[in-house]
Amino acid sequence: MVAHVRAWFARKPSHTLLWDTLLWDTLLAAVLTFGLIPLISSTSSSSTPGLLFVSNNYSLLFWSLPTFVPLMLRRYQPEIAAWLFVALTAAHLVFGPSMTYGDFYTLIILYSVLVYGNPKHSLRFIITAFAMGLAAAAVWAVSMNVGPLFKSGSSNAWTAWISWLPTAATMPICPASPGLISEPSVSNCGIKMLRDTGVLALCMEISVLSIIIMALWQRARKATLTAMRERNASIVAREAEETHIAALAERARIARDMHDVVAHTLSTIIVQSDGGRYAGTHDLAVAKHTMSTIRHEAERAQHDMQRLFGVFGTDDDAGYADIDSLFDGHLVVSRRVTGKSRPDRLTSDADAAVFRLVQEALTNTRKHAGEGAKATIDEVWSDDGLAITVSDNGQGAASAADGHAPGYGLMGMHERIESLGGSIHAGPGPNGGFIVAATIPLSPEIAQTDAEPSDALPVTITRLRKLLDSIRSKPLNQGDIGESNWVARFAQWTERHYLLADILITVALIAMFSSATRNELQMMTVSNDPVQPNTVLTMALTIIMLAPLAFRRRFPEGSALVMAILSAVQLLFLPSILTVNMFALVSVHAAALYGREQAWKWVSVALVADSWLAGIKAMSGWNGYDMLIQMLLPLNGESAMSRWLLVLSGLIPGGVVMLFGFACIAMARWSRSRGSNALVLMQREEALKAEQERQKVLAANLERNRIGTAMQAEVLNTLESVITQADDGLAMLNSEPVPDSEQIIAAFTVIGERGRAALAHMRQLLTVLRETGFSDEMHEGAQPDMQLRPAAPLSSQMRQAESTSQTDSSTNMNSGNNQGVHGAALE
């Protein structure tokens, strides 16, 4: 039953809010309100003055109990609670006792409405609070000096029409009690009431102002926490989507690389086999060279495929330096370089992208430009980019006249270059041919780090800057809280610069407690003459003991460890327990809150050790030891048993210190679990982002492994078959007697047919990977069935692609409609 109720609350955020605020505030209101009953009952039964009537204890109880309602609603409905409390206060000031115990809850209600209420209504509540403070001060001054309008009681049962406010203000002495301040020199009662009103108003308004500053500070902090919680929640909500996109991006990358690697190789194998069928019959040397080229290309594609589906293998990818390997002699290529070539300023991705762009452009020239076409590669290097153009003098747009369907090579070019921040244009040239032009940005030039001895000062300055960068506050994204008051801005500043804020607080503590340390270090000599400790040493000791507090949030565990060691050393070698030792609990709290998840374990061990040591120190002092080390070392002739008894007796006072320390750890763990601290939320945000990146990498690896497993039987087997057939062909060409032309033609024909079949199958696979991959935005609105979605098993997608291909082929044969779409693909 409890589990069902908890699950119901988890599904209803609004009810969870109701449970967290209204329930706990109701319990608190019950304790605060009904706890007044015994207090009021124990109060003297004398009458309490009011503005109109004299009240008794029952009247105090009557006016105090209704404060339960605004206290209960202070966070759930803060503005309603505030106005209700204002109404109750105004009513009792006029009609009841001028002062009730519930008036002390004014500060709680004001704090709640400023923190949890609408920020746009803050000004009206601030003005109301100051106005009610002035009104309460005036009523209290009148009630204490003049008394209520209608008095009652055995001794004063008369109506004070004559002696009340207008007349009493001119009397030399106020007719009621002496009031707040008894001053005989005051000329009349009116001045006495004004002075009492001013003193009371000053005290009230200072309290109100303090609460306003605290509330605005907390509201700014609460807004920061809300913004950071929303970011954390959005990271969690996007995790599934990001991993899905990572998998889709990996599919697109695999499709792009497969096209660049395998489709290029298969096209080369087909071209080589077709050429070998004719040229090889007339020249045996040409046949051997062609067969060796086919085998080499198949081996390279096999290696690249294994790299493509490997988890780690992109370091040996081809790059800019390997462009010359694309010139196989079957296509005339000229290369021109303008400017100073700087391939070292190409990133690894840019290096591979340049190679793949040239490879794809030359492959398209071989396939579509026609016989006798020539290609030109122009490189223009500048300070910030590389402009590379691959052009040919082939058929250009006329190449689509044969009705061939476009592939994904140009799409892969665009994706590679644009992902680097570059631009690319591909299309027919104005004078014929085809042009691929791309611009790729270069990485910033790395400054020389070889410093001469004369450059020692700049190197030192650089190292100091790195050191300062490592210790300064981590950047804290607080979001936009929309606050314009100076309190909120200062609160945000202290959160952003928490290290500087902690340093300033530590400096203030050192100034405050240096005198206390000096007094505690006063030692008595044998003649009982006091010895005053050195002022410089006292200040140095105070600084050493409190310095770790300055880094309690930047380096929480390191600060706590240093504080634990310093506390232990001080307890062992100094004659007294210093007051500044209590700040070790602050380091305990900081380490458990800001440190690692399991930091509280070693902090607890250090807490127990130092607390026990403090207890032993206290007990040894009572037994006449100036320093604890004197008791622990066997130098005074006492028995080991007496020393052990003294050590065990330290558990009692040390246990009290332990309780405070474990309370600090519990508070820190509670705040950490609730996410009520900006730095804790920042750590969670960093952890969530790291986990998201890990999940994205995992999703990409899983997708790569899944596709790679299916590809083993599809692509690698094909390439292995081509390699085997090339080996058989080479063995035949090198055999005796020399094979005839029919055998040579048959050997190249088998390889060409195998390559064509593999290339057709490859295009089907590329279509499947692409149309369920990252480039689906080009299908938006046109093919809804191809929108981003979890991919089906690869075998099912291949069967669907094959059936679709067969249906399209039969349709094209019946209709005779086989138009080229080369230009549309270029767009």
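This is a conversation about a predicted model and the terms used to describe it.

Biologist: What should I keep in mind as I read the model?

Modeller: The model is predicted, so local features need pLDDT of at least 70, side-chain atom pairs count only at pLDDT 80 or more, and totals for chains, interfaces and linings use all residues. Residues are numbered from 1 along each chain as its sequence is written, and side-chain values use heavy atoms, with hydrogens and water left out.

Biologist: Happy with that. What does the pLDDT look like for the chain?

Modeller: pLDDT is the predictor's confidence in each residue, from 0 to 100. The chain averages 75, and 72% of the residues score at least 70. Over residues 448–454 the pLDDT is below 50, and this stretch has one contact in the model beyond near neighbours in sequence. Residues 811–827 also stay under 50, and for them the model has 18 contacts beyond four places in sequence. Contact here means heavy atoms within 4.5 Å. Where pLDDT is low, the predicted coordinates should not be read in detail.

Biologist: How many helices and strands are there in the chain?

Modeller: There are 27 helices and seven strands. They are DSSP runs numbered from the N terminus, with helices being H or I of at least four residues and strands being E of at least two.

Biologist: Why are α19 and α23 called roughly parallel?

Modeller: Helix α19 (residues 584–594) and helix α23 (residues 651–674) pack at an angle of about 30°, with their axes 8 Å apart. The axes are lines fitted to C-alpha atoms, for helices over the stretch in contact, and angles run from 0 to 180 degrees between N-to-C directions. Angles under 35 degrees count as roughly parallel, over 145 as roughly antiparallel, 65 to 115 as roughly perpendicular and the rest as oblique. α19 and α23 are therefore roughly parallel to each other. The residues in their contact divide into ten nonpolar, three polar and two charged. Nonpolar covers Ala, Val, Leu, Ile, Met, Phe, Trp, Tyr, Cys and Pro; charged covers Asp, Glu, Lys and Arg; the others, Gly among them, are polar.

Biologist: And what makes α19 and α20 roughly antiparallel?

Modeller: α19 and helix α20 (residues 599–622) pack at an angle of about 160°, with their axes 9 Å apart. With the cut-off for roughly antiparallel at over 145, α19 and α20 are therefore roughly antiparallel to each other. Their contact divides into eight nonpolar, no polar and no charged residues. In α19, L585, V588, A591 and A592 meet A599, W600, V603 and L607 in α20.

Biologist: How do you know whether R672 is buried or exposed?

Modeller: Buried means under 20% relative accessible area, exposed over 50% and partly exposed in between, with a 1.4 Å probe and protein chains only. R672 has a relative accessible area of 10%, so R672 is buried. R672 is in helix α23.

Biologist: Why is L32 called partly exposed?

Modeller: L32, in helix α2 (residues 13–34), has a relative accessible area of 22%, so L32 is partly exposed. Beyond residues up to four places away in sequence, L32 touches L71, Y105 and I108.

Biologist: What about F130?

Modeller: F130 has a relative accessible area of 26%, so F130 is partly exposed too. Helix α8 (residues 122–145) holds F130, and the contacts of F130 outside four places in sequence are E205, V208, L209 and I212.
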